[in-house]
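Please open the model in a viewer and follow the selections below in order. Each stop names what to select and then describes what is found there.

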Amino acid sequence: MTSILYLLLLSLGLGAGGLALFLWSLRSGQYDDMDGAANRILFDDDPKK
Amino acid sequence: MSVTAAGGFSSTTGVAAAADATCIHCGLPAASGRRFCCPGCAAAYETIQGLGLGQYYEQRVLDAALRAPRPEPAERWDLARSVTTRPDGLHELSLAIDGLQCGACVWLIESVLAREPAVAQGRVNMTTRRLRLVWRGAAADAEALVAGIERLGYRLVPFTVGALTAAQDATGRRLLRGLAVAGFAAGNVMFLSIGIWSGGMGPATRDLLHWVSALIAMPAIVYAGWPFFASALAALRQGRTNMDVPISIGVVLVTGMSLAETIAGGAHTYFDSAVALLFFLLIGRVLDHRARGQARATAEQLLTLNATDVAVLQPDGSTVRRGQQAVAPGDVILVGLGERIGVDGTVERGVSSLDASLVTGESLPMPAAPGTQVFAGTLNLGAPLTVRAVATGNATLLAECVRLIEVAEARRGRFVVLADRVARRYAPAVHVCALATFLFWYVAWGASLEASLLTAASVLIITCPCALALAVPAVQVIATSRLFQSGILLKSATALERLAEVDTVVFDKTGTLTEPVLGLQGAPDAAALRVAASLAASSRHPLARSLCSAAGPVPAAEDVVEHPGEGLSLATELGEIRLGSRAFCGDPGAPAAATPELWLARPGVPAVRFAFDESPRADAAAVVARLAAMRLAVRLVSGDRAESVARVAAAVGIADWQAARSPVEKVAAVEALVAEGRKVLMVGDGLNDAPSLAAASVSASPTSAADVSQTVADVVFQGSRLGPVTALLETARRARSVMRQNLCLSIGYNVLMVPLAVAGLVTPWLAAAAMSSSSLLVMANSFRLRARARG
């Protein structure tokens, strides 16, 4: 019984963590520019900065 | 548009191989042996190489359909109006970018800005094509920062975020957050439910799992379901019903029952059905919202890029650039060559000719002298003019048009979208069905209250218009994005459905059926044309632009001198070459010609005349024929003189035309058609068309149209062709047929499943599974539109 409790809390915690990460990424504007994000991954890092 | 960008990074050669024929920087033709087409491009190349950003040229891919990155004489904007200063002392500015070609352009702009020490943040949004600039120091530094980007060949226009946009974005984020919460809850509750259904546990464990499910599901349902509950309540308060009413009742009923079961320690709860339902419905909402948001954002971008600032003359003789709204009656404004007049007013000083085609529909230029009344939207073809703005009373043409637009839009009435029309009949039927089921089992059959409620709830879930709610938005998103990729912007979310019903198309002539710029008449000497175009390439004068587009790609000559109001000259070893008015080219006594013309004078050769007149768009006749083949009635209503209307009508093959119609008569003509019960698509560009655009069932404008017309039109299309009109109607019809298939699919599924649910053979979790599969089926069917459109 206690092991079920631990497992429940663990799985819910993981799920809630994922949800929190998603909400954070939404809030920080990471879904505002999907086209740009697809291209940015191909940019070379700026050597001077 | 940006779809090809990823591929572009792999094609690294191109530029170097073609360097002898095209400009290294902008890709436009250059004189043979030269590396650049113009000094502006050379400077831009130097700047980029100087900053060590030369790999831009290896990574980029130029799209010929977009504006080439050739630096142009900078327009001056009243930037201070759009700059906001934040509490922390940093300044912020949003700009719309024209000429963004691919991901490499984003990289270039951001890298250049990153090298400016004052810039705190310079980030390009590729989806909305906007640049957000944050910098330290003085607010006026914006001029220098913007000029630096403009020298690279991009056009930047200050952009003000409207309150409506902000509200729209907030709603979108709220829906997406709801979707995330519902997804999280659905996943976890379903996980627990699998354990419960598989059985083999004691009542204590089952109760624990039920309680955990309830704890996850209840807050999620309140949060994610709020958009539906709010909309259902609003509808009920007004005595109406909508799709959200059965959804809300179903969700609340199932949740309440499950909660009662949990408290009572019962065997079954159905939290998973309720949250899964909300999850699927929210997908539909998010898609729907995205389609509307995208349409509106692109329309805003367009209007921003087309806006013009006005040069207001100060008492001390200097000029200040101001936004059109900021000009007061009585201000004196300066209108340069090739500039659009931004206000209604009277000419104070200067003699010139004006292109009023956007305002009156007249294709030929009209003369302007002190005392002439001029209207906003008119193009100055000649020498600079000083115009005094007239009081913004109700007498101005713009005010008159706005009044007509308001009247026409009020008359159009509210268009009821397909999904709502279905829902209006569907919702009451569902409620009656569920209630009858409950009464049958409880009263007539004598089943227990719990069993009767359960059966009624499964009827509600089975009939829940989940697939119905996805059926239309999914198709809309796919059709809208597909049209967007071919340069057609749907500004109104219901435009697609209205377009599919169109049976009559009414065209305006000037600027719609004909090219927005005057075309070259006759077949002039090819060598002379090339020389003339090489001079004209460095001018912004409308006739010079027409000449260049007629000549095709020709390298621009260097060191061309522009004489405002007269023409262009170029000093060569043999003597001076001149391009311009007849008087400027050596025939001072000549009378003004009836049609616009340019003369080319070369040393030792007789002067050559280039005559201009309006010409139909290249594909106008083909489009009219195609529309006729689609069984649509095509008409032409114009404000221009009868002879030129007749000529164009004959050229493109329209038998039914009307000429010399004032804006009021145009509206009357469109309304007469609507009164006959026809569904009219109006295609027009002028200020004089704006009221009839509003009066028609649905309307379209080219991007060369007047601001007012673009604001009123449901659809705006880019490019110099009319082809988008047929593409638009064809896509709308295909989309309508897919929407209907989707509705049939989801209703057919209900017809099949409801008898089973009424008979009590379907448990709620089975209903939820069946519901999900019907949603997926509808989505899959919608994607067929994309597959077919590509193939």
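Predicted model: local features only at pLDDT ≥ 70, side-chain atom pairs only at ≥ 80, totals over all residues.

**Stops in chain B**

Residues are numbered from 1 along each chain as its sequence is written, chains are lettered from A and ligands numbered from 1 in the order in which they are written, and side-chain values use heavy atoms, without hydrogens and water.

Next, select the whole of α2(B), residues 39–50. Helices (H or I, at least four residues) and strands (E, at least two) are DSSP runs, numbered from the N terminus. The 12 residues of α2(B) reach 16 Å from first C-alpha to last, close to the 16 Å expected at 1.5 Å a residue; the expected span is 1.5 Å times one less than the number of residues. Which residues of α2(B) are buried? They are B:Cys41, B:Ala44, B:Tyr45 and B:Ile48. Seen down the axis of α2(B), these buried residues fall within an arc of 100°, so they line one face of the helix; the arc is that of the directions from the helix axis to the C-beta atoms. After α2(B) comes B:Gly52, with a positive phi near 75°.

Move on to strand β25(B), residues 680–683. Both of its faces are covered: B:Val680 and B:Met682 are buried on one side, B:Leu681 and B:Val683 on the other. Strand β16 (504–507) of chain B runs parallel to β25(B) and is joined to it by four bridges; strands pair if DSSP finds at least two bridges between them. One bridge pair to display is B:Val505 with B:Leu681. Strand β26 (698–702) of chain B also pairs with β25(B) in the parallel sense, over three bridges, and there B:Val683 stands opposite B:Ala700.

Finally, select the three-strand open sheet of chain B, ordered β11-β10-β13 with antiparallel pairing. β11 (366–368) and β13 (379–380) stand at the edges with a single partner strand each, so one side of each is left without a neighbour in the sheet. Three bridges link β10(B), residues 352–355, to β11(B), where B:Ser353 has B:Pro367 as its bridge partner.

Key: Buried < 20%, exposed > 50% of the residue type's maximum accessible area, 1.4 Å probe, protein only.
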